[in-house]
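Reader: I'm new to this one and would like to learn how to read it. Could you walk me through it, a feature at a time?

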Amino acid sequence: MILKYQLVFIGFGEASYNIALGLKSEGFESMAAYDVFAEDPKRGELIQSRAQEAGIPLIGLEEACSEGACIASMNSAKVALSVAKDIIPRLKAGRIFVDLNSAAPTVEEEIDRIPRAQGVLFCDAGVMGTVLGNRHKVPMFLSGDGAQSFYDAFAPCNMKLTVLDAPAGGASAIKMLKSVVMKGLPQLMFESFEAAEKYGVLSTLAESLGESISGKTVEKLANTFIARTMIHAERRSAEMRDVVSTLESLKVDASMSKAAVAKLDALAAQHWADKIDPSGDLDYREAIKLLVKENEEDGLK
């Protein structure tokens, strides 16, 4: 069956609008959009003006579900599941439902479990940057049984897509777990830098940190940190307790350092120095596998 649209956006906000403009620049024309607020007195005017500028017809939900080959949900994380529950049961074989919302991987797993017709595919798309400016070329990780089909359809349009060998939830997990580091690191900096400022050594501290990590990839840092931290957790916990005391004496919030003490104590209780090479010369992937196995076994006790 030849469908009217190769891509239908569910929700035509700023992100959908910019991706549509980018695809248009590649010569891709077979698009439409459904937005529940298209006729809203307050929001509708902007939606309609963007659709007109992008040359995207605004259509009804039934037409979106029946005439779209790829249904791309771009709303918000809080409504991602409810939108999917409304749309997926309406789709017929050969359609791909793609969720591009910044939802938790558990939400994507739940979407994947929504009953659907045989041949309907689901793609969890983790958008790994800002759409504004990047438009359709914003990097995306794809997982789920519809990942390869979505890639095959839109990689020729110069979209930056990477298919993961992972079930639905894998792509969103990368986006969310990256935040653990990227949003956690600034908090560590606040804690360390505030204390350094009180001692008058902020610039020197920054330079010293730079010397420790300059030119090192994340993989190299992980290989330096992970196994060695597991082995030397007890000693490092004691050192971090002194850090906490120092911060508190300066009246600096030490919550991140206290959390580090708790994590180190948990590692120390597992006695990793007796289980892995005491030199710490172990690939971080293998070390993490051992840690996951140990924690799972502890959870069964």
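Author: Happy to. Let's start with a term: a strand here is a DSSP run of E with at least two residues, and strands are numbered from the N terminus. Keep in mind that this is a predicted model.

Reader: What is Met 140 in contact with, leaving aside its neighbours within four places in sequence?

Author: The list includes Ile 19, Leu 100, Gly 126 and Val 127. Met 159, Lys 160, Leu 161 and Thr 162 are on it too. Take Lys 160: in sequence it is 20 residues apart from Met 140, yet the C-alpha atoms are 6.3 Å apart in space.

Reader: Let's zoom out to the sheet. How do strands of a sheet pair?

Author: They pair through backbone hydrogen bonds, and the pairing is either parallel or antiparallel. In this model there is an open sheet of seven strands with mixed pairing, in the order β2-β1-β3-β4-β5-β6-β7. The edge strands are β2 (31-34) and β7 (161-163), each of which pairs on one side only. On average, neighbouring strands of the sheet are turned by 25° against each other, direction ignored.

Reader: Which helices pack on the sheet?

Author: One of them is α4 (residues 80-87), which touches β1 (5-10), β3 (68-73) and β4 (96-99). The direction of α4 makes about 170° with that of β4. Another is α7 (residues 147-154), touching β1, β3, β4, β5, β6 and β7. With β7, the direction of α7 makes about 150°.

Reader: Back to the pairing: how many bridges join β5 to β6?

Author: Four, and β5 (residues 121-127) runs antiparallel to β6. For an example of a bridge, look at Asp 124, whose partner in β6 is Ser 143.

Reader: And what about β1, which strands does it pair with?

Author: Five bridges join β1 to β3, and these two run parallel.

Reader: Now rings. What describes a pair of aromatic rings?

Author: The distance of the centres and the angle of the planes. A search of the whole structure turns up five aromatic pairs. One of them is Phe 12 with Tyr 17: it is edge-to-face, at 6.4 Å centre to centre and with 80° between the planes. Phe 12 is buried, with a relative accessible area of 0%. Tyr 17 counts as buried as well, at 13% relative accessibility. Ring pairs also link Phe 9, Phe 12 and Tyr 17 into a cluster.

Reader: Which residue lies over the face of Phe 37?

Author: That's Arg 43, at 3.9 Å from the ring centre. Elsewhere, Lys 275 lies over the face of Trp 272, at 5.1 Å from the ring centre.

Reader: How do I read a helix on its own?

Author: An α-helix has 3.6 residues a turn, so residues three or four places apart point the same way. From first C-alpha to last, the 14 residues of α10 reach 20 Å, close to the 20 Å expected at 1.5 Å a residue. Helix α9 (residues 202-213) has 12 residues and reaches 17 Å, close to the expected 16 Å.

Reader: Where is Lys 251 found?

Author: In the loop between α11 (233-249) and α12 (255-268). At 72% relative accessibility, Lys 251 counts as exposed. His 271 is another residue other than glycine with a positive phi, near 55°, and it lies in the loop between α12 and α13 (284-300).

Key:
Residues numbered from 1 in each chain as written. Predicted model: local features only at pLDDT ≥ 70, side-chain atom pairs only at ≥ 80, totals over all residues. Heavy atoms only, no water. Contact = heavy atoms within 4.5 Å. Expected span 1.5 Å × (residues − 1). Phe/Tyr/Trp six-rings, centres within 6.5 Å; stacked < 30°, edge-to-face > 60°. Buried < 20%, exposed > 50% of the residue type's maximum accessible area, 1.4 Å probe, protein only. Lys NZ or Arg CZ within 6 Å of the ring centre and 35° of its normal. Pairing = 2+ DSSP bridges. Axes fitted to C-alpha atoms, helices over the stretch in contact; angles between N-to-C directions.
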